[in-house]
Amino acid sequence: MNGKQLKNSILQWAIQGKLVPQDPNDEPASVLLERIREEKAHLVKEKKIKKDKNESIIFRGDDNSYYEKFANGTVKCIDDEIPFEIPQEWEWTRIGNIFNHTSGKQQSSNNNKSSGTPQKFITTSNLYWGYFVLDNVKVMNFTEDEIKTSSATKGDLLVCEGGAGYGRSAIWNEDYDICLQNHVHRLRPCINGICDYVYYFIYLLKESNNLASVGTAMPGLSANRLKGLLLPFPPLSEQKRIVTKLGELLPLVEKYGKVQSSVDELNIQINEQLKKSILQEAIQGKLVAQKPTDEPASVLLERIKEEKDKLFKEGKLKKKDLVDSIILKGEDNKYYENNGKNTICIDDEIPFEIPGSWSWIRIGELCNVTNGFTPLRSNPKFWENGTINWFTVEDIHKQGEFIYETTQKISELATSKDRIVRAGSILLCCTASVGQCAMTMIPTTSNQQFNALTIKEEYTKIVTDDFLFLFTKTLEPILHELAGKTTFEFISVKKVSNILFPVPPIAEQIKICNIANKAIASIMSR
């Protein structure tokens, strides 16, 4: 349980009467509500507030159902609204029944030209959970009547109406009054001492997604929605005990939350580092023991070269399809590459040592490297009635590292067949989110951020798609290095094709992938 979940659980206990014990000597909440009704009636009689047409009394009938009686005499059953049972001395009520509500003045460009005097006023940008930020308070003109109806005094509970922060609440505890903008609700308590408990109640509703107005395009907290909120209302003495207990517990929960977040972040970092270590061990031949009976990769690669040379001599293969180069280890233990014309030492390119039964090959020799593209958005023919999968980084975010469908599709007019790669191809991001990769489980094209690595047919019995994918997951630092120190990172097909790839015997590849994938899955599920 994280800090937020623990805080919400404690608040839930508080509003259900489970946080502090009930005291039979407490004045029942029903008596407190009656006193509030009398106070409101007195204020209406003195014309200090208007009569609330929606004022109501909630009571429990002889059939143990809850009923609500409104000021106009209407009575209805509200059992479907009651979310949980409350202690015997508590009552259900509406927030509008225990507060006098008003909103501030609407802000406009003409306000400073209107009558009245300049006054500081609070907007939603000044109001946060439990506190105010007053270093950017604005000023506009308010008349005397507007000051009376659109200002807060010490002890008022202020609540944001709209925007992303709707519901944010704080008690105005300054010794001076301040004016309000119309997107700030003012709840003035009919009886002192109830604001702190109601503040925590509103906070819990917001955190549990039970506060927004319903049936509206934009989330917000209208006046009617706020005043109509169903509130479990304890005796005043118990409210004070609840608030005191929350004041003791919540700072501790805050500390717990910060520690928990640090631990979670540390676990993520450790897991990611373990994952990287496993992948690195895998591609260096350190994850499983080599078997002397496995046919060395060099023998398999030489066999492919001989087969290609034979097909070329028979006229069945073009010269461009011959093996470009062979990488071998000389008697001096240095690595050499024979590109058909010259033999050069490439020791400075070899990133790490590999077992004797392994060999090096260039990605461009092993794979067809297909760069992605984006058809013109301005041409509807490229996008209408699309049947060809078109992969973007969004699909990784939605599905993870294995792609079974694409969010977007393009038409046959937008691409050629040689841009569609087979299932099992590796999609490698070579710009923007450099190093992100996925294996496609369907034939697809991709956008220009990605290059697709597809093992050539003649190499599919020597290198598995899974081992190529394992290797690709280790490429991020190499790709950043290849991109150079530029503002916009981009790694060309040529640079990707030139990357060295370690080839283990085929049986060893299968073992490596099985062990590595199981180990990583175990780590990431902790």
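This is a predicted model: local features need pLDDT of at least 70, side-chain atom pairs count only at pLDDT 80 or more; totals for chains, interfaces and linings use all residues.
Helices α1 (residues 3-15) and α5 (residues 195-207) have axes that come within 10 Å and cross at roughly 130°. That angle makes α1 oblique to α5. Angles under 35 degrees count as roughly parallel, over 145 as roughly antiparallel, 65 to 115 as roughly perpendicular and the rest as oblique. Axes here are lines fitted to C-alpha atoms, for helices over the stretch in contact, with angles running from 0 to 180 degrees between N-to-C directions.

Residues are numbered from 1 along each chain as its sequence is written, and side-chain values use heavy atoms, with hydrogens and water left out. Helices (H or I, at least four residues) and strands (E, at least two) are DSSP runs, numbered from the N terminus.

**Helix contacts**

On the α1 side, Lys 4, Lys 7, Asn 8, Leu 11, Gln 12, Ala 14 and Ile 15 meet Tyr 197, Tyr 200, Phe 201, Tyr 203, Leu 204 and Glu 207 of α5. Contact means heavy atoms within 4.5 Å. By class, the residues of this α1 and α5 contact divide into 8 nonpolar, 2 polar and 3 charged. Ala, Val, Leu, Ile, Met, Phe, Trp, Tyr, Cys and Pro count as nonpolar, Asp, Glu, Lys and Arg as charged, and the others, Gly among them, as polar.

Glu 207 lies in α5. Leaving aside residues up to four places away in sequence, Glu 207 touches Lys 4 and Asn 8. Its relative accessibility is 21%, so Glu 207 counts as partly exposed. Buried means under 20% relative accessible area, exposed over 50%, and partly exposed in between (1.4 Å probe, protein chains only). The C-alpha atoms of Glu 207 and Asp 309 are separated by 70 Å, with the two residues 102 apart along the chain.

Asn 271, Glu 272, Leu 274, Lys 275, Ile 278, Leu 279 and Ala 282 in α7 meet Ile 512, Ala 516, Ala 519, Ile 520, Ile 523 and Met 524 in α14. The α7 and α14 contact has 10 nonpolar, 1 polar and 2 charged residues.

**Buried elements**

Helix α11 (residues 465-472) is largely enclosed by the rest of the structure, because 6 of its 8 residues are buried. They are Phe 467, Leu 468, Phe 469, Leu 470, Phe 471 and Thr 472.

Strand β28 (residues 500-503) is covered on both faces: Leu 500 and Pro 502 are buried on one side, Phe 501 and Val 503 on the other. In a regular strand the side chains alternate between the two faces of the sheet.

**Sheets and strand pairs**

Two strands pair if DSSP finds at least two bridges between them. Strands β16, β17 and β18 form an open sheet in the order β16-β17-β18, with antiparallel pairing. β16 (326-329) and β18 (343-345) stand at the edges with a single partner strand each, so one side of each is left without a neighbour in the sheet. Neighbouring strands of this sheet are turned by 25° against each other on average, direction ignored.

Another open sheet has 3 strands in the order β23-β21-β26, with mixed pairing. Its edges are β23 (408-410) and β26 (445-446), each with a single partner strand, so one side of each is left without a neighbour in the sheet.

| Strand | Partner | Bridges | Residue pair |
|---|---|---|---|
| β17 (residues 335-338) | β18 | 3 bridges | Asn 338 and Thr 343 |
| β19 (residues 359-362) | β28 | 4 bridges | Ile 361 and Phe 501 |
| β21 (residues 388-391) | β23 | 3 bridges | Asn 389 and Lys 409 |

**Positive phi**

Lys 47 has phi near 60°, a positive value in a residue other than glycine. Lys 47 is found in the loop between α2 (29-45) and β1 (56-60), and is exposed, with a relative accessible area of 75%. For Ala 432, also not a glycine, phi is positive and near 65°. Ala 432 sits in the loop between β24 (426-429) and β25 (437-440), and is exposed at 54% relative accessible area.
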